[in-house]
Amino acid sequence: MELFSKEKGQSIQKYISARKIDAAKNMLQYSDYSVTQIAAILAYSSVSHFISSFKKATGMTPRDFSLKNFRKHDRWKG
């Protein structure tokens with residue numbers, strides 16, 4: 001783990017958490033998965049833990065993020 005921290009500049013836990021938030025943002029923007037489904041897919045211990053982690057990382061709830069960004073950049077949108 002020390003090598004990972006040295007290479008990436010952060011702990012493995014923080015790195016994994018950031019990647020999970022990135023995946024959640026992608027799913028909220030481009031899929032029809034619910035917040036509950038995303039929390040389960042990304043193996044959060046609970047929906048409330050997912051929501052609080054997402055809000056801490058992005059400054060907004062998953063729902064607010066989805067409302068603001070849902071398929072905003074979808075090139076296939078008519």
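**Helix packing and charged pairs**

Tutor: The axes of helix 2 (residues 12–30) and helix 5 (residues 62–69) come within 8 Å and cross at roughly 50°. Helix 2 is therefore oblique to helix 5, the oblique class being what remains once angles under 35 degrees (roughly parallel), over 145 (roughly antiparallel) and 65 to 115 (roughly perpendicular) are set aside. Axes are lines fitted to C-alpha atoms, for helices over the stretch in contact, with angles from 0 to 180 degrees between N-to-C directions. Helices are DSSP runs (H or I, at least four residues), numbered from the N terminus.

Student: What kind of model is this, and how are residues numbered?

Tutor: It is a predicted model, in which local features need pLDDT of at least 70 and side-chain atom pairs count only at pLDDT 80 or more, while totals for chains, interfaces and linings use all residues. Residues are numbered from 1 along each chain as its sequence is written, and side-chain values use heavy atoms, with hydrogens and water left out.

Student: Which residues of helix 2 and helix 5 meet?

Tutor: From helix 2, K25, L28 and Q29 are in contact (heavy atoms within 4.5 Å) with P62, F65, S66 and N69 of helix 5. The residues of this contact comprise 3 nonpolar, 3 polar and 1 charged.

Student: Changing topic, how many salt bridges does the structure hold?

Tutor: There are 2 salt bridges, a salt bridge being a side-chain nitrogen of Lys or Arg within 4 Å of a carboxyl oxygen of Asp or Glu. One of them joins the side chains of D22 and R19, at 2.9 Å from N to O.

Student: Where do D22 and R19 lie along helix 2?

Tutor: D22 and R19 are separated by about one helical turn, because they are 3 residues apart in helix 2. D22 is partly exposed at 36% relative accessibility, and R19 is partly exposed at 36%; the class lies between buried (under 20% relative accessible area) and exposed (over 50%), using a 1.4 Å probe and protein chains only.

Student: Which residue pairs with D32?

Tutor: D32 forms a salt bridge with R71, with the closest N and O atoms 3.4 Å apart. This pair links distant parts of the chain, 39 residues apart: D32 is in the loop between helix 2 and helix 3 (35–41), and R71 is in the segment after helix 5. D32 is exposed, with a relative accessible area of 62%, whereas R71 is partly exposed at 23% relative accessibility.

Student: What is the phi of A43, and where is A43 placed?

Tutor: A43 has a phi near 60°, a positive value in a residue other than glycine. A43 is in the loop between helix 3 and helix 4 (47–58), and is exposed, with a relative accessible area of 60%.

Terms used
Helices (H or I, at least four residues) and strands (E, at least two) are DSSP runs, numbered from the N terminus. Ala, Val, Leu, Ile, Met, Phe, Trp, Tyr, Cys and Pro count as nonpolar, Asp, Glu, Lys and Arg as charged, and the others, Gly among them, as polar.
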